[in-house]
Amino acid sequence: MAQVNVLSEILGVTAPVFAMVFMGLLLRKVNLINDSFIQTASTLTYKATMPTLFFLSIWQADLQSAFNAKLVLFLCAATVLGFLASWWWATRAIPYGQRGVFVQGAFRGNCGVVSFALVASYYGDYGLSVGGVLVGFTILLFNVLSVLILSIYSPTLKFSPTAVGKELIKNPLIIAVVLGMLASAIQLYIPQWLLKSGEYFAGLTLPLALICVGGTLSLAGVKASGLSAMQSSAIKIAILPVLACAAAWAIGIEGRDLIILWMFFSSPTAAASFAMAVAAGGDGKLAANIIALTTLVSILSMTIGIYALTALGH
């Protein structure tokens, strides 16, 4: 009975998040939302509501608990190792023209939306603050590594450290994380009326973002998934998260921090990877198939992983 209660509690967190994704899929199917809405809502979320949410979450948190150095360093190190391992596998098993898209799909998770939504729902204020900081670092890594791997196999895209650096400096989510940490450090005072208005505005973030993820989902992509898409998806939502969390546990990361790592590593492939793949002249169909497959399968895999870690006492 106790295990049933634990599973029920976990489903109480994961089910609403993925229900919003399916809501987006349904709304798109019945034409209540379209490409124009998704583009506008995604821009609003990325440039305004999500930065507000990150800033307020980190500002309200204890800076020492929000910036967990061990967690951040492990997340970054494991991401780079996962990237290199996926690249190694791609050179041996994947056609040359698909390698860049394959590797990006295997390591670039939808941390800013799916992972952050789960962490925030499961751990409340702690999840909001720690999750916001982790998302900031994943943005840095994902953008640099994605441009690097796509440029290597692209006929048109060239890797430019200066251009990538400029984009990262202007990234609104990274700016929000940095400003939130500074505001927390100096104990910045925000009037109650302004704080409440900001909280209302920030509250739009997760429902809108998850609906947009669902609105871009293609079930046809799941049916059309080939061997390359299946291999990339397996690395993204099973192999990498299991190995990363086992390594984290081995070096002493446990409890809620280990579960947070699982939520980040096992997230589905980021929708942004499709646009980057197409812009680099890569295999857009493969990118779309990986996104669709990982998004649907991760509903089950993320829930099972959280349940298993909880059952093991974390």
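A pocket here is an open set of grid points, on a 1 Å grid over the protein atoms alone, with protein on both sides within 12 Å along at least five of seven lines, and its volume is the space filled by probe spheres set on the points. The model is predicted.

1. With that definition in hand, the second largest pocket has a volume of about 320 Å³. Its lining comprises 16 residues, of which G82, A85, I239, L240 and L243 are the closest to the centre. Two elements, helix 4 (69–93) and helix 12 (227–250), each give two or more residues to this lining, which divides into 13 nonpolar residues, three polar and no charged.

2. The largest pocket holds about 1500 Å³ of space. It is lined by 49 residues, and those closest to its centre are S42, Y46, R108, A271 and A272. The elements that contribute two or more residues to the lining are helix 2 (35–60), helix 6 (111–152), helix 7 (161–169), helix 8 (172–185), helix 10 (205–215), helix 14 (272–279) and helix 15 (284–311). By residue class, the lining of the largest pocket consists of 29 nonpolar, 13 polar and seven charged residues.

3. T269 deserves a separate look, placed as it is in the loop between helix 13 (256–265) and helix 14. Because its relative accessibility is 2%, T269 counts as buried, the limit for that class being under 20%. Its side chain reaches the backbone oxygen of G105 at 2.7 Å. Leaving aside residues up to four places away in sequence, T269 touches G105, R108, G109, N110, K236, I290, I291 and T294; R108 is also among the residues closest to the centre of the largest pocket.

4. How many salt bridges does a search of the whole structure find? The search returns two. In one of them R28 pairs with D35, with the closest N and O atoms 2.8 Å apart. The two partners fall into separate accessibility classes: R28, at 29% relative accessibility, is partly exposed, whereas D35, at 52%, counts as exposed.

5. The other salt bridge joins K196 and E199, whose closest N and O atoms are 3.7 Å apart. Both residues lie in helix 9 (residues 192–202), where they are three residues apart, or about one turn of the helix. K196 counts as partly exposed because its relative accessibility is 36%, and E199 likewise counts as partly exposed, at 30%.

Definitions and conventions:
Residues numbered from 1 in each chain as written. Predicted model: local features only at pLDDT ≥ 70, side-chain atom pairs only at ≥ 80, totals over all residues. Heavy atoms only, no water. 1 Å grid on protein atoms, 1.4 Å probe; cavity = no way out; pocket = protein on both sides within 12 Å on 5 of 7 lines; lining within 4 Å. Helix = DSSP H or I, 4+ residues; strand = E, 2+ residues; numbered from the N terminus. Nonpolar A, V, L, I, M, F, W, Y, C, P; charged D, E, K, R; others polar. Buried < 20%, exposed > 50% of the residue type's maximum accessible area, 1.4 Å probe, protein only. Polar contact = N/O pair within 3.5 Å; in protein donor to acceptor, adjacent residues only side chain to side chain. Contact = heavy atoms within 4.5 Å. Salt bridge = Lys/Arg side-chain N within 4 Å of Asp/Glu carboxyl O.
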